[in-house]
Amino acid sequence: MVVSLKNCCTVKPAEPTWNGPQPLSELDQVGTTTHVSTIYFYRPTQNWLSPPDTITNTLKESLSKALVPFYPIAGRLSWIGKGRLQINCNAEGVQFFEAESESKLEDFGDFSPCPEYEYLIPSVDYSVPIHEMPLLLVQLTKFKCGGISLSLLVSHVVVDGPSALHFFSEWARIARGEPLGTSPFHDRRVFRAGDPPRASPCIDHEGFIQPPLLLGKLDSLEERKKKTTVAMLKLTKTQVEKLKKMANEDQSSDLEHDYTRYETLAGHIWRCACKARKHGNEQPTALGVCVDSRRRMSTPLPIGYFGNATLDVIATCRAGDLMSKPLSYASSRIREAIKKVNDEFVNSGIDFLKNQPDLTQFQDIHSVGSTQGPFYGNPNLGVVSWLTIPIYGLDFGWGKEIYMGPGTHDFDGDSLVLPSHDGDGSLTVALCLQVVHMDDFKKQFYEDI
């Protein structure tokens, strides 16, 4: 697919905004510290296609207005020593790319992630100093058929999934001529950003430590280099319900409530990965779970909290136990990890990180071939849920998207669980595994239901 870049510009806030350094919480500075991409495809109606710059101007003007209340996104990061970062709120702006392609939306089939996506998503040069990198990059690509794609690449240091979607939805509201729905809450001191530790951590925070290695290996270097592939695996509502029934019919009698769709499906993915990777019974394995703490604190965070409020916890066990015991066992290990996340756990985790001399070891720079940061590839997995966040319906005035999904997604062990676009109860798993394991995984994934 040929994509021609037509223009690149910087979009700055439409009005003067607060200027100065903003401390980041520890939750902002660990885990994925690069940009995360999503992509939307649209079929605008004819009145939006003439004059040809109507969509472009609408996006730029509304983005400029949205950057006023969401001013940190227009800033830049800077290192402040010991592997720690801050945001310089300086209104330097975000990058906006305009591109065109002779391709048609029909060429993308069911829009499953494919190599052509890389031409539709801006790339970030991580070799340049961090204070020169924009925190948001946007690419509008116009296709021959009149359809468009809008790709959004945002720094995970500044926002987590719920905060990113908050910004995108408010930007769309402004584009439609509507007032701001929910104002962002920018004070990250609710997570004690910039403060010294209050105490030594009172809980063991294994989620911040490197996950297990393959038995007999001293590091993950070899596994990090192996070729990967991506699959979009769809489950009907009937298959999802069957999995839930399988997990819950074996549950212990003291279970508070049935296993959720996430606990069930993540457990199924974990078991299938162990089988596809042909782990021995004694192989330790971990599953990373991203938990949103917004409503898990004793005092819930302010509505519109803008930053990272999610933290990673890990479920661990031996592969042999996962493969030989029923699905309920895997789900129980995942629930046990999630249940730990409460006020005490979050604050203890923050103290754990504040007491670290350097945060670099906890940062996943997420570039292919990287040797730094936690590795959730073989023998581990990360399963992120988008089931409860409003990922669909981003309408800038020309109608809702016809498809939305993750952008580039090429790290072994990464997976996303997405609800269906039309709300029919089906689910999709976007999964990246090593090429040598994918076919066996697909076989197990469907045969085990």
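Is Asp440 buried, exposed or partly exposed?

Analyst: Asp440 is partly exposed, with a relative accessible area of 29%; on this scale buried is under 20%, exposed is over 50%, and partly exposed falls in between (1.4 Å probe, protein chains only). Before going on, note that this is a predicted model, where local features need pLDDT of at least 70 and side-chain atom pairs count only at pLDDT 80 or more, while totals for chains, interfaces and linings use all residues. Residues are numbered from 1 along each chain as its sequence is written, and side-chain values use heavy atoms, with hydrogens and water left out.

Asp440 pairs up with Lys278 in a salt bridge, with the closest N and O atoms 2.7 Å apart. Lys278 sits in the loop between helix H5 (261–276) and strand E11 (284–292), and Asp440 in helix H9 (residues 435–447), so the pair ties together parts 162 residues apart in sequence. (Helices are DSSP runs of H or I with at least four residues, strands are E runs of at least two, numbered from the N terminus.) Lys278 itself is exposed, at 60% relative accessibility.

What counts as a salt bridge here is a side-chain nitrogen of Lys or Arg within 4 Å of a carboxyl oxygen of Asp or Glu. That rule gives 24 salt bridges. Another one links Asp351 and Arg192 (2.9 Å, N to O). Asp351 is in helix H8 (residues 343–354) and Arg192 in the loop between helix H2 (161–175) and helix H3 (221–224), so this pair ties together parts 159 residues apart in sequence. Both of these residues, Asp351 and Arg192, are buried.
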